[in-house]
Amino acid sequence: MGLDGSVRELASGVDALYLSGRTDLPASLLSSLESSRVSAQESGSPAPLTLGGYDWSVARHGLLKWKYRVEHPLAVIGLTGSEHLPSVRVQARSEALHSLGADGFMAWIGSVFENEGLEVGFTVSRIDLHHDCQGWALTGDDRHRFVCRARDLATYEADFELSGFSFGNRTSQTVTARIYDKTREIDGKGGDWWFEHWGPRYVEGSPVYRVEFEFARDCLRGMGLDSPTDVLPEVGRLWAYGTRDWLTYREPSAHARAARWPVAPEWEAVQASSLGLGSLPMDRIRAGARAGSLRKLLPGLNGYVASFAALTGEVTIGGACAALPAHLAGYEMTSGVPFAERVIEKRKSLP
């Protein structure tokens with residue numbers, strides 16, 4: 001429990017937003033996309049493209065069924081000239097949603113296409129809502145306390161400790177949910193900016209559990225929700241459906257059926273999520289993401305430099321680093337790829 005005996009909310013809101021839309025992509029844009037894609041395939045790295053007044057990059061491969069994958073720090077877009085698919089697919093990056101908010105992201109992505117002179121009628125294909133909290137002492141044995149409309153429940157463990165649960169099946173295209181240790185995920189994948197996002201509400205040393213619901217197209221349509229202007233004002237309704245009707249966590253009682261057990265206090269705190277606690281400027285999100293990447297890189301880097309020192313007869317960090325330039329310059333000559341070019345390519349993948 002929290003300092004006052006309750007579960008504490010650290011952050012909540014929209015964590016993923018997937019859109020699809022139809023518009024007539026002009027031949028000039030499709031030609032530029034094809035040229036950039038070919039260039040990316042030939043060079044082995046993304047090719048630049050200006051779209052809506054912003055700098056994007058075109059990948060050498062597509063996005064799912066969409067021929068062209070176009071990337072920006074705020075979004076990934078799939079584009080196609082095929083009549084068999086919506087011409088546009090948009091995937092908002094999590095960092096964009098936690099910096100701009102879902103409404104702010106919609107305003108930005110709308111401006112991208114408006115600046116191109118394109119009118120896109122967007123529909124929501126999927127929206128994920130999350131609630132991060134501390135003070136919930138979950139174990140794998142608690143799985144029997146969950147009551148869910150879905151029949152699929154999976155329990156995950158790492159190092160003989162609970163890492164999370166998943167409920168439902170994505171193939172249903174309706175609702176799925178996950179509850180997992182977000183701090184463990186950060187430790188393994190990076191994303192250190194979350195600690196700043198949680199701010200003073202976060203207490204170091206205690207796991208943060210994320211409760212996450214994924215609402216897919218069929219569920220949204222069944223609730224009469226289609227466009228972003230339909231869906232975004234109704235996130236509270238979606239959360240209530242997910243945490244009250246679809247999935248609950250119960251307090252064991254004498255009744256034989258878990259569905260008759262009272263709702264546990266921890267879940268009542270989840271049900272009461274604000275769905276809007278916390279935001280962080282994009283520059284601080286990127287700084288935190290890079291710090292996490294560097295943290296993950298250092299153990300391997302330390303091992304490689306130590307091996308290099310052993311092979312070259314060095315015994316100190318300074319000596320090993322001083323010896324590196326000559327060897328890297330030699331490799332640059334034999335490989336034919338300038339070191340600066342490698343750095344430029346690596347920077348393109350940085351958050």
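Which residue just after H10 takes a positive phi? Gly 336 does, with a phi of about 80°.

## Basis

This is a predicted model, in which local features need pLDDT of at least 70, side-chain atom pairs count only at pLDDT 80 or more, and totals for chains, interfaces and linings use all residues. Residues are numbered from 1 along each chain as its sequence is written, and side-chain values use heavy atoms, with hydrogens and water left out.

## The sheet

Eleven strands make an open antiparallel sheet, ordered S2-S3-S4-S5-S6-S1-S7-S12-S11-S10-S9. Its edge strands, S2 (47–51) and S9 (153–158), each pair on one side only. Strands here are DSSP runs of E with at least two residues, and helices are runs of H or I with at least four, numbered from the N terminus; two strands pair if DSSP finds at least two bridges between them.

S11 (175–181) and S12 (209–216) are joined antiparallel over seven bridges. Tyr 180 stands opposite Arg 210 in S12.

## Helices on the sheet

Helix H3 (182–189) packs on the sheet and touches S9, S10 (161–167), S11 and S12; contact means heavy atoms within 4.5 Å. The direction of H3 makes about 75° with that of S11. Such angles run from 0 to 180 degrees between N-to-C directions, with axes fitted to C-alpha atoms, for helices over the stretch in contact.

## Helix H10

H10 (317–335) has 19 residues. Its buried residues (under 20% relative accessible area, 1.4 Å probe, protein chains only) are Gly 319, Ala 320 and Ala 323.

Methods:
Expected span 1.5 Å × (residues − 1). Buried < 20%, exposed > 50% of the residue type's maximum accessible area, 1.4 Å probe, protein only.
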